[in-house]
Amino acid sequence: MKETIQIEPGAVRLLKKLNAAGYPAYVVGGCVRDSLLGLVPHDWDLCTAARPEQVMELFGEENCIPTGLQHGTVTIKENGTLYETTTFRTEGSYTDGRHPDRVEFVPDVREDLARRDFTINAMACHPEEGIIDPFGGREDLKRGIVRAVGQPHERFEEDALRILRLYRFAARFGFAIDPATGQAARELCGHLDCVSLERIEDELSRLLAAPKPGRWMEPAVFAAVLPELEINEETQRFEKSCEVIDALPAGMEDLPARLAALLAPLREKGVRKALRRLRCSNAKIEKTAVLVREMGLAPEPENLPLQARLLLGRLEPDTLRRLLLLCGAEHPEQAEAFDALEKAAERLTKEHACCRVKDLAINGRDLMEMGAAPGPGLRRMLEALLEEVITGQLPNEREALRRAAAQFSAS
Ligand code: ATP
Ligand code: MG
């Protein structure tokens, strides 16, 4: 682990300007943690003694977005980059599960660090003062431990979302959980029911998108946020889902496959209902539900190219890719066959192979010009032509298709 960190130049400029105006200021939280781990932070958050209105005054309103003034947050635009800047504060509990009931601005960065969730997230840094680490965050990073700042019970009672965040950060970095923190999390996970569903969904997705989250999918926590799964009665099934999830790719892009693995017992309808309840986006619901609907797929090794084409006729290439990954993870004994099917589909997609009626070199208008009557018969004829093209009995060429269509009509 690194001993010092290199603060990003734009953030340094903002800190200097705040300091020159007499306000203490630091970079804080995730950017310090990630830099110490040798990772590149995705953004640099600042904290300062300056009040939001003083920040706006100093940088000019045109360079500021009033992101959450009542909580002390102003976003500063500097040279095309955004820096979220929050006034040092303490906070009360989150009765509505969304916002702290009251925040109180305070003069000292250490007080601000004390309201943060975990020691690894409760460090600040300044170009001259170096790292401010009152709770042993560096030590915990070194040992690979996520630990609550202060009394875990109190911290989870203030804001139960921190329980999900605990597993999310542990899974993201492959860290262990401090035993007292873990025990409090398991004991208090019932409190997650007063956290807003949007916040739960967001943290849950981040946890499930971690590299191999299985080890950190605490059954008690999942039972609290997804009662539909009846995890307490179906422990083995839940354990199996965790294994399947670990075998699937990480990241938000392929999250629907992991969600499908988790929610499969609910079947398509139950999946839609559960994800709607969690306020998921329609796109995410749709992508997940389709996978659950289709996951009974069996590979036909002697018939792969044809099977791949028929599947591509119904499913988008990306959906099919995820479905085959999911099926392979669910049935490791058939993983090779699913993999071969996936390769076949990939090849067909690359070749722009004809898999759908709309890919045919002939269309309904061509057939009507040849004298076919409009209506369902037309569609049936196109489908019959498609089948011959897919099975290789006909080339996807206009003339050949016209001749075949004429023969169909004559017979
Ligand atoms: P990421 O890289 O995932 O964004 P992050 O550490 O920046 O990680 P955020 O959720 O963006 O995490 O929160 C920023 C910082 O605010 C955290 O590092 C932590 O110090 C503090 N924080 C966020 N949410 C809470 C919370 N619910 N309770 C206490 N502190 C929190
Ligand atoms: Mg962040």
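Does Cys-242 count as buried or exposed, or, put another way, what does its relative accessibility of 8% make it count as? At 8% relative accessibility, Cys-242 counts as buried, where buried means under 20% relative accessible area, exposed means over 50%, and partly exposed lies in between, with a 1.4 Å probe and protein chains only.This is a predicted model, in which local features need pLDDT of at least 70 and side-chain atom pairs count only at pLDDT 80 or more, while totals for chains, interfaces and linings use all residues. Residues are numbered from 1 along each chain as its sequence is written, chains are lettered from A and ligands numbered from 1 in the order in which they are written, and side-chain values use heavy atoms, with hydrogens and water left out.

A disulfide is a covalent bond between the sulfur atoms of two cysteines, and here the term is applied to a pair of cysteine sulfur atoms within 2.5 Å. The structure holds zero disulfides. Cys-125 is in no disulfide, since the nearest cysteine sulfur, that of Cys-31, is 8.3 Å away, and at 3% relative accessibility Cys-125 counts as buried. For Cys-242, the closest cysteine sulfur belongs to Cys-189 and is 15 Å away, which is too far for a bond.

Two strands pair if DSSP finds at least two bridges between them. Strand 5 (residues 81-87) pairs with strand 2 (residues 46-48) in the parallel sense over three bridges, and Thr-48 stands opposite Thr-87 of strand 5. Strand 5 is also joined by six bridges to strand 4 (residues 73-78), and these two run antiparallel, with Val-74 having Thr-85 as its bridge partner. The hairpin of strand 4 and strand 5 has two residues between the strands, and in it Asn-79 takes a positive phi near 55°.

Helix 7 (residues 161-173) has 13 residues and reaches 19 Å from its first C-alpha to its last, close to the 18 Å expected, a span taken as 1.5 Å times one less than the number of residues. This helix is mostly covered, with 11 of its 13 residues buried, including Leu-161, Tyr-167 and Phe-173. Just after helix 7, Gly-174 takes a positive phi of about 65°.

Finally, Glu-388 lies in helix 19 (residues 376-390) and, at 24% relative accessibility, counts as partly exposed. Leaving aside neighbours within four places in sequence, Glu-388 is in contact (heavy atoms within 4.5 Å) with Gln-393, Leu-394 and Phe-408.

Methods. Helices (H or I, at least four residues) and strands (E, at least two) are DSSP runs, numbered from the N terminus.
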